[in-house]
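Thanks, everyone, for making the time this morning.

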Amino acid sequence: MAGKHIAPTRTNLLRLKGELAFARSGYELLEQKREILILELKRFIARAIEAERKADQALAGAFEALREAQFATGVSGVASASRAVNIESGLALRERRVMGVPLPAVELSMNDHPPYYGPSGTSVWTDEAVRRFKEALASLAALAECRISVMRLAQEIQKTIRRVNALERIFIPDYEDSLHHVEGALEEADREAFFVLKLVKDRLEAEEK
Amino acid sequence: MVPFVIGDGQTVLGFRLVGVEGRVASGRDDALAALNEALGNHEIGLIVIPERLAAAIREEIDARLSDAGFPLILEVADAAGPMPGRPGIEDIVRKAVGVSL
């Protein structure tokens, strides 16, 4: 479709050949990128599914214990316990890049300084809630790493597939069409020039006789 | 760096039990203000936000997904359990690759 608008000159022929070669090498590179990203994604999937299941389960258990604690000591009882608890949660975060996609690594550390509160005014459910929320937090750190990696890889794969498809189905066929058109027109012009030369030569010979 | 919670009262309270600071927010404006504040705090490396609240600021959260660096934003279930119809890992993969791996 674009081929019809290009002037059939040798300069354009050379330019089109260059652009087609460029599009083809771009296509190959993007294909490789897509494959590497999919391999990387595969490494995460099983771990991510497991992390998601664990996190949902841990959170459900944690909220259950929290509700029980609130039943036992009242909402304010748990709130005051939350102010007494002395745990420092720290994160060590790193990042590595695969084909330009930033993949996070999350490491959680919890520094615990028990006991936080006297036995009066709290319930075993408060202790249980603390224990289960610790578990939940640990499972969320693992989930953050996996889920965000999977989402970023998936997003980049989608982008790459779109680009591969655009090159394969639109740009490369377009360049091939244009090239074909220009080549054909140039050959036609060559034949015409040859024919004119031959005509002139025949006439000159006829005049000499 | 530290984790941080933006969410409903139960979620914030629960994580406060294990020493994670948080801010209670409900509704879009509130959540957005909390998110921007958390993003401006360079000590925060991970923002945990319940799915139901995240849905109110979906665009702002999705826009940050592909950005390198921290904080990360993680959506989680709240006290009412996982939100029905949320995309699981398998859905995300299927959507990207077209097949399940």
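Predicted model: local features only at pLDDT ≥ 70, side-chain atom pairs only at ≥ 80, totals over all residues.

For chain A the mean pLDDT is 90, with 95% of the residues at 70 or more. Within that chain, helix H1(A) has the highest confidence, at a mean of 94, while H2(A) has the lowest, at 82.

Now to the contact between the chains, where 45 residues of chain A meet 35 residues of chain B. On the chain A side, the elements that supply two or more residues are the helices H1 (10-73), H2 (75-84) and H3, together with the strands E1 (87-98) and E2 (101-112). H3(A) makes the largest contribution to that side, with 17 residues. In composition, this side of chain A comprises 32 nonpolar residues, five polar ones and eight charged ones.

Let me move over to chain B, and to strand E3, which spans residues 44-50 and has six of its seven residues buried. E3(B) pairs in the parallel sense with strand E1 of chain B, residues 2-7, over four bridges, and B:Phe4 has B:Ile47 as its bridge partner there. E3(B) also pairs with strand E4 of chain B, residues 72-76, again in the parallel sense, over five bridges; in E4(B), B:Leu72 is the residue that stands opposite B:Leu46.

What about the nonpolar core? The largest one contains 65 residues, and those with the most contacts inside it are A:Leu140 and B:Ile6. H3(A) gives the most to this core, namely 16 residues. If we set aside neighbours within four places in sequence, the residues in contact with B:Ile6 include B:Ala31, B:Leu35, B:Ile47, B:Ile49 and B:Leu53.

I will finish with A:Asp127, which belongs to helix H3 of chain A, residues 124-208. The C-alpha atom of A:Asp127 lies 8.9 Å from that of A:Ala65, although the two residues are 62 residues apart along the chain.

Terms used. Residues numbered from 1 in each chain as written. Chains lettered and ligands numbered in written order. Contact = placed C-beta atoms within 7 Å. Nonpolar A, V, L, I, M, F, W, Y, C, P; charged D, E, K, R; others polar. pLDDT = per-residue confidence, 0-100. Buried ≥ 20, exposed ≤ 12 C-beta atoms within 10 Å, placed from the backbone. Pairing = 2+ DSSP bridges. Core = buried A, V, L, I, M, F, W, Y, C linked by C-beta atoms within 7 Å.
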